[in-house]
Amino acid sequence: MQLYSLLLDVLKYTVAGIGVVYIAFYLFKPYLDKTSNLQVLEFKKAITTQTLPLRLQAYERLVLFTDRINPSNLLIRLNGNSYSAAELHSIILNEVRTEYQHNVTQQIYVSPQAWAVIRRVKDDTLNLVTNAVKSMPENATGLDLGKVVLTHLSKLEDNPYDIAIDMIRKDLEHLF
């Protein structure tokens, strides 16, 4: 009988202990959840504070890239009058690819849509120059190539480089 009484006392104390632990957990759980949520919010705020300047800089670099590979600016910068069309073609391809490689890491900070616009502008620029040089005679000069490229761009209803910059700006507006 004494063993039965002892087991009953142990059972009472165990149930009471479990009840106290459950009530304590139930009372502290909202506090712990609130603290956890505050820590997550502070962490997100810290990340945003650090990454926002990098993201803005990435968008700036993409606009600069688009402006630099715009044939009207590219031809002036390269001053291709003294080259043959084939030489200028090679220089332009190298310049565009170098600019692209220099900015390829910016895709980490921009949206996939903005990066797709940049890739498309780069590819279209390379195709434009390549198609222009293919349509010219072998003895054509760099000046002739520049004229053909700029003539083709002037025939377009909308400047694709301006459209690309506008799309990048619209994508940037989604950050704010």
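Asn103 touches Arg61, Phe65 and Trp115, leaving out residues up to four places away in sequence (touching, or contact, means heavy atoms within 4.5 Å). This is a predicted model, where local features need pLDDT of at least 70, side-chain atom pairs count only at pLDDT 80 or more, and totals for chains, interfaces and linings use all residues. Residues are numbered from 1 along each chain as its sequence is written, and side-chain values use heavy atoms, with hydrogens and water left out.

**Confidence**
- The protein averages a pLDDT of 88, and 99% of the residues score at least 70 (pLDDT is the predictor's confidence in each residue, from 0 to 100).
- Helix α1 (residues 2-69) has the lowest confidence, at a mean of 86, while α4 has the highest, at 93.
- Helices here are DSSP runs (H or I, at least four residues), numbered from the N terminus.

**α3 against α4**
- The axes of helix α3 (residues 85-103) and helix α4 (residues 112-134) come within 9 Å and cross at roughly 170° (axes are lines fitted to C-alpha atoms over the stretch in contact, and angles run from 0 to 180 degrees between N-to-C directions).
- That makes α3 roughly antiparallel to α4 (the label goes to angles over 145 degrees).
- On the α3 side, the contact includes His89, Arg97, Tyr100 and Asn103, and on the α4 side it includes Trp115, Arg119 and Lys122.
- Sorted by class, this contact of α3 with α4 has 11 nonpolar, 4 polar and 3 charged residues (Ala, Val, Leu, Ile, Met, Phe, Trp, Tyr, Cys and Pro count as nonpolar, Asp, Glu, Lys and Arg as charged, and the others, Gly among them, as polar).

**α2 against α5**
- Helix α2 (residues 71-78) and helix α5 (residues 142-155) have axes that come within 10 Å and cross at roughly 160°.
- α2 and α5 are therefore roughly antiparallel to each other.
- Pro71, Ser72 and Leu75 of α2 meet Gly146, Val149, Leu150 and Leu153 of α5 in this contact.
- The contact of α2 with α5 splits into 5 nonpolar, 2 polar and no charged residues.

**Two residues to look at**
- Asn103 sits in helix α3 and is buried, with a relative accessible area of 4% (buried means under 20%, exposed over 50%, partly exposed in between, with a 1.4 Å probe and protein chains only).
- Thr141 lies in the loop between α4 and α5 and counts as partly exposed at 33% relative accessibility.
- Setting aside neighbours within four places in sequence, Thr141 is in contact with Tyr83, Ser84, Ala85 and Met136.
- Thr141 and Tyr100 are 41 residues apart in sequence and 26 Å apart in space, C-alpha to C-alpha.

Definitions and conventions: Helix = DSSP H or I, 4+ residues; strand = E, 2+ residues; numbered from the N terminus. Parallel < 35°, antiparallel > 145°, perpendicular 65-115°, else oblique.
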